[in-house]
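Dear colleague,

Please find below the structure that I am handing over to you. My findings on its cavities and on one of its sheets follow.

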Amino acid sequence: MTDTLPAATQRVIPDAVAYLKSLGLTDPGAGGVLRMTFEGAVAPNVYASVRTTAAAPEGRVGLAYPALPPSKLFSSSVFLSGLRQNSLDRSNVAVLNAGGTGDGDVTLRLTVTSGDPANPQSKALPDVTLSPGAFSQISSILVSNGLALSNGYVRVERVSGTAPFYAYAVVNDQATADGSFIQPIAASPASQIASTTLPVVVETSTYSTELVLTNFSAATRTLNFIWVAPTLTGGKAVFPITLLPGEQQILPGFVQLLRDRGAVTDPRGPSFAGALFVSDSTGDLRGVAISARILSALGGGRVGVALPSYPSGSESTTPVWLCGLQQNETTRSNLALVNVGSVDSSPNDFRIDLYDGANGAKVASPVASVPAKGFVQIDRILATYAPGVTQGCALVSRTSGNNPFLTYAVLNDGASPGQRSGDGAYVASVPAQ
């Protein structure tokens, strides 16, 4: 199938399969991998992503994930962390052969490991062989193939073939079916990881944060945390957490847990939001994964969005795009900025150029200032600064300051807070070319 996208424009396609049928697809089956090539454009200047949703009583729930350029595919082993199986959540794992037609089959081995030190076990599942473009999902993986785990993680490794592969996990709420997309992380990064930044930890009357800490290594690890939130007494909380070898801690209601442990003295009531900065007593975080879910209650269950952490060296210093922003009767877009503060104590100033996706016109250029180690969120950015624009992109540029930064967007179900399900879908930034 072929289609044309004019320069400097964005198309939001509500029903991907109907769209592909209109281009000539005759048998979509139950789903599969979509491969795109580009003519007349340099690939980094083209962006694509998907949001998969399901109907909920108050609207829709779901998750988002980006299309993957070759640089984001894998030939070496990866881990998928934060998996659980209980009355609240279930975890699925998917793998795919991301090679072209000439790359041949690839065989992948998935090894499931318990994250509970009191119940140590590890099991390699039957190898999965995939032809180019093929996709396979293992539903409720922690209780598949004779397993009976409530907490675990998975190692995915290529055991034969030369094609690149990809793997991811989805944690689904048992009541609402809302999904949280779990990104893979390299099992053996080449470079030392001195620190990592989780963009935000939140506690409000509506939202809470679940923190996930995974130690893939065979050594006990002591993690040192600094949570910077302006409404905290003193503006921050400092605390350690120790992980045993192979241990995974899934910590719901994390801010309340900090109260229980004495790291936070502020009572529940005010809204708390800020970035979480993590280092390791060894000075190298390789072998440790850190992520979070921001959750709210809905219909007897929960909805939310998963957030990855960003290792030192992976933050941005040059302009980045956030694409797929929407503002309409069913969806709003929030944009967040974090000044990592790893160079000095100076603030970062930003210009956010907003573009109308329909015609590529620049429609607004709001600015924001973020203190060192600070977090700023701009709610309903299109409605606030570009009324009438229903979909578009943001080009985020640091105009002053020396510190690396993070920026991301969240697509929320509902035109305004309190409408529809409120479920969020995470949109990562991509470097501007």
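Strands, as the word is used here, are DSSP runs of E with at least two residues, numbered from the N terminus. Please note that this is a predicted model.

Two cavities of 30 Å³ or more were counted. Strand 2 provides the largest share, four residues. Among the lining residues are Arg51, Arg60, Asp413 and Asp423. By class, the lining of the largest cavity comprises four nonpolar, three polar and four charged residues.

The second largest cavity has a volume of about 40 Å³. Strand 19 (288-298) and strand 20 (301-308) each contribute at least two residues to its lining, and strand 20 gives the most, with three. The residues lining this cavity include Asp89, Asp173, Asp178, Arg293 and Arg302. Five charged residues, two polar and two nonpolar make up this lining.

I also examined an open sheet of five strands, which has the order 16-15-18-13-21 and antiparallel pairing. Strand 16 (236-243) and strand 21 (310-311) stand at the edges with a single partner strand each, so one side of each has no neighbour in the sheet. The partner of strand 21 is strand 13 (residues 195-203), and the two pair in the antiparallel sense over two bridges. In this pairing, threonine 197 stands opposite tyrosine 310 of strand 21.

With kind regards

Terms used:
Residues numbered from 1 in each chain as written. Predicted model: local features only at pLDDT ≥ 70, side-chain atom pairs only at ≥ 80, totals over all residues. Heavy atoms only, no water. Pairing = 2+ DSSP bridges. 1 Å grid on protein atoms, 1.4 Å probe; cavity = no way out; pocket = protein on both sides within 12 Å on 5 of 7 lines; lining within 4 Å. Points joined across faces, edges and corners; volume = space filled by probe spheres on them. Nonpolar A, V, L, I, M, F, W, Y, C, P; charged D, E, K, R; others polar.
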